[in-house]
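I opened this model to look up its charged pairs, its nonpolar packing and its confidence. My entries follow in that order.

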Amino acid sequence: MNRPPVPIGGLALALLVLATLIGCGGSTRPPVDEGPRVEPAPTFPTDPPGDGRFFARIGGELVRLEVAAVPEARARGLAGRTALAPDEGMIFVYPEAASRSFWMKGCLISLDIAYLDDERRIFQLGSLDPGAPDAADHPRLVSTGPARYVVEMEKGWFARHGLGVGEIVRFSPELEEWVALVRDAEGR
């Protein structure tokens with residue numbers, strides 16, 4: 001029995017149409033509302049005890065911050081240091097948010113300075129270079145609003161990591177505990 005030949009192009013077109021119709025059947029179920037997306041809690045290595053440095057995350061970047069929470073430590077800051085280790089800096093913790101002014105007296109390295117509000121959101125970021133050691137007036141950066149925390153990192157650190165105003169600084173559990181102890185000791 002001889003059948004007329006079926007053109008292969010026509011057969012391929014018929015299979016393509018059939019596959020498209022099967023694949024586009026769609027679902028009759030309504031889309032599922034998954035609600036707002038919740039960011040997972042950041043993870044931290046365990047802070048080594050006793051060295052005065054604690055882990056934090058700025059954006060997604062892990063850093064170690066030396067804490068300056070008492071007036072003497074806040075006044076001294078990073079004065080006299082000639083370098084910072086990679087991804088290390090200092091956090092200044094204050095009992096309440098207020099206007100802050102940072103200067104470079106005795107500081108030998110250029111720094112990025114990030115002012116943070118009560119929610120630990122960076123609202124201002126600037127850089128300062130050391131002035132002459134014997135200068136009567138040292139470079140300053142005054143906050144544009146009330147700051148509860150201030151973070152100092154090596155100059156250019158924020159730009160290298162693509163971080164800026166609006167970033168949240170998240171504290172490790174150990175740093176959270178330490179900040180709470182300082183706040184309780186100062187009665188705030």
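Entry 1, charged pairs. I began with R64, which is buried at a relative accessible area of 15%; buried means under 20%, exposed over 50% and partly exposed in between, with a 1.4 Å probe and protein chains only. I then looked up its partner: R64 forms a salt bridge with E88, with 3.8 Å between the closest N and O atoms. The term requires a side-chain nitrogen of Lys or Arg within 4 Å of a carboxyl oxygen of Asp or Glu. This pair links strand 3, which holds E88, to strand 2, which holds R64, across 24 residues. I noted that salt bridges with shared partners join R53, R64, E66, R81 and E88 into one network.

The model is predicted, so I kept its rules at hand: local features need pLDDT of at least 70, side-chain atom pairs count only at pLDDT 80 or more, and totals for chains, interfaces and linings use all residues. Numbering runs from 1 along each chain as its sequence is written, and side-chain values use heavy atoms, without hydrogens and water.

E88 counts as buried at 17% relative accessibility, whereas R53 is partly exposed at 24%. R53 meets E66 in a salt bridge as well (3.7 Å, N to O). I count 8 salt bridges in the structure.

Which members of the largest nonpolar core touch the most others? I found I58, I91, V151, F158 and F171, out of 23 residues. Such a core is a set of buried Ala, Val, Leu, Ile, Met, Phe, Trp, Tyr and Cys residues joined through side-chain atoms within 4.5 Å. Apart from it lies another core of 18 residues, among them A68, M90, F92 and Y115. Beyond four places in sequence, F158 has contacts (heavy atoms within 4.5 Å) that include I58, D112, A114 and M153.

The average pLDDT, the predictor's confidence in each residue from 0 to 100, is 79, and 69% of the residues score at least 70. Over residues 15-29 pLDDT stays under 50, and I found 0 contacts beyond four places in sequence there. Where pLDDT is low, predicted coordinates should not be read in detail.

Key: Helices (H or I, at least four residues) and strands (E, at least two) are DSSP runs, numbered from the N terminus.
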